[in-house]
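Let us walk through a protein model one stop at a time. Keep the structure in view as you read.

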Amino acid sequence: MIKWKIHHKKESVSTNLDALAGKSGDVFTADYQSAGRGRLDHKWESVKGENLMMSAVVALEEASPEKVATLPLVAGAAIAEALKVDSSLKWPNDVWYKNKKLAGVLCERRGDNVIIGIGLNVNAYPIALKDRSTSLEEILGERQSVIEIRDAILASLSSFYQAWLIRGFDEHLRAIIAKRDYLRGKTVSVRQTDDDSEPIEGVCEGIAEDGSLLVGGKRIYAGEAHIEGVR
Ligand code: BT5
């Protein structure tokens, strides 16, 4: 098990930025982020003091870029398995509950390390996103301890990461992810960039052994999948 060392701030710009100063095993958390980041230019919104925002630094030990590309899915699986709710994984980096987003992962490689940024709505979600986000509190009907959830996720992340480092994105990890795959079997429209005017459309056949999304026989390596009727 990784012996994590927690560095907490009341307010941060982005814990993924704080983590740039960290070494393997360091975890940066904050009660609030003034400029939380998602993929591309997306923002991660937080509600002060209510949610989990953390960035864990782990060593890559010469993992290839192709292997590192599968890490957001593995981190998502670690989060899903740590929670007491029956969540799904929405390729490439989200944890959903029913048709709403509960958590997001942003992995950023920095030399020999990778920063695994996790944002999870524990006791609140941004009001502006109420149609498409949810929180553990809303699902479970009572407030949850951010610290307990942080520790459960870190324990799970430690074992998932170590399994992934040793054995790669193997059958065992893929089976855990496949079981929670939100998109598989659904008709999806995938934009590879935010302004993609020709999204790939078709039935999603799941996630391939290299972490790409399979849609109508094509492999998609990055993007965002939409399902009709779901925001
Ligand atoms: C993500 O990006 O989902 C990755 C989010 C990672 C956030 C963590 S918090 C700790 C660490 N420090 C950082 O600065 N970042 C990491 P993406 O797939 O691009 O999704 C972003 C989209 O999710 C936004 O454009 C919104 O639509 C939506 N969103 C933003 N905040 C949300 C929230 N709190 N709950 C649900 N959806 C949200």
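Start with a pair of helices. Helix H3 passes helix H5 in a right-handed crossing. Keep in mind that the model is predicted. Two packed helices are described by the angle between their axes and the distance between the axes. H3 covers residues 71–82, and H5 covers residues 146–167. Their axes lie 8 Å apart and meet at an angle of about 140°. That angle makes H3 oblique to H5. The reason is a cut-off: only angles over 145 degrees count as roughly antiparallel.

Stay on H3 and look for Pro72. Pro72 sits in this helix. Is Pro72 buried or exposed? Pro72 has a relative accessibility of 17%, so it counts as buried. The limit for that label is under 20%. Now find Glu148. Pro72 and Glu148 are 76 residues apart along the chain. Their C-alpha atoms are separated by 22 Å.

Next come the charged side chains. Side chains of opposite charge can pair when their charged atoms come close. How many salt bridges does a search of the whole structure find? The count is 13.

Glu81 forms a salt bridge with Arg180. The closest N and O atoms of this pair are 3.0 Å apart. Glu81 belongs to helix H3, while Arg180 lies in the loop between helix H6 (171–179) and strand E8 (187–191), so the bridge ties together parts that are 99 residues apart in sequence. The two partners differ in cover. Glu81 is partly exposed, at 34% relative accessibility. Arg180 is buried, at 14%.

Another salt bridge joins Asp94 and Lys101. Here the distance from N to O is 2.8 Å. Asp94 has a relative accessibility of 8%, so it counts as buried. Lys101 has a relative accessible area of 22% and is partly exposed.

A further pair is Asp210 and Arg219. Their closest N and O atoms are 3.2 Å apart. Asp210 is partly exposed, at 24% relative accessibility. Arg219 is partly exposed too, with a relative accessible area of 39%. Salt bridges can also link up. Glu81, Asp86, Lys179 and Arg180 form one network, joined by salt bridges that share partners.

Now turn to the backbone. Which two residues does a cis peptide bond join? They are Trp91 and Pro92, and omega is about 0° at this bond. Pro92 lies in the loop between strand E4 (88–90) and strand E5 (94–97).

Move along to the loop between E5 and strand E6 (100–110), where you will find Lys98. Lys98 is not a glycine, yet its phi is positive, at about 50°. Lys98 is exposed, with 59% relative accessibility.

Phi of Glu61 is near 50°, a positive value in a residue other than glycine. Glu61 lies in the loop between strand E3 (52–59) and helix H2 (65–68). Its relative accessibility is 60%, so Glu61 counts as exposed. The label "exposed" needs over 50%.

Which residues make a nonpolar surface patch of about 250 Å²? They are Val13, Leu17 and Leu20. Leu20 lies in the loop between helix H1 (15–18) and strand E2 (26–33). Leu20 has a relative accessible area of 47%, so it is partly exposed.

The last stop is another loop. Glu209 lies between strand E9 (200–207) and strand E10 (213–215). At 45% relative accessibility, Glu209 is partly exposed. Compare its place in the sequence with its place in space. Glu209 and Asp170 are 39 residues apart in sequence. From C-alpha to C-alpha, they are 7.6 Å apart.

Technical notes: Residues numbered from 1 in each chain as written. Predicted model: local features only at pLDDT ≥ 70, side-chain atom pairs only at ≥ 80, totals over all residues. Heavy atoms only, no water. Patch = residues over 30% accessible without salt bridge, like charges linked within 9 Å, V, L, I, M, F, W, Y side chains within 5 Å. Areas by Shrake-Rupley, 256 points an atom, 1.4 Å probe, with all protein chains shown as cover. Salt bridge = Lys/Arg side-chain N within 4 Å of Asp/Glu carboxyl O. Helix = DSSP H or I, 4+ residues; strand = E, 2+ residues; numbered from the N terminus. Buried < 20%, exposed > 50% of the residue type's maximum accessible area, 1.4 Å probe, protein only. Axes fitted to C-alpha atoms, helices over the stretch in contact; angles between N-to-C directions. Parallel < 35°, antiparallel > 145°, perpendicular 65-115°, else oblique. Left-handed = near helix turned anticlockwise from the far one by under 90°.
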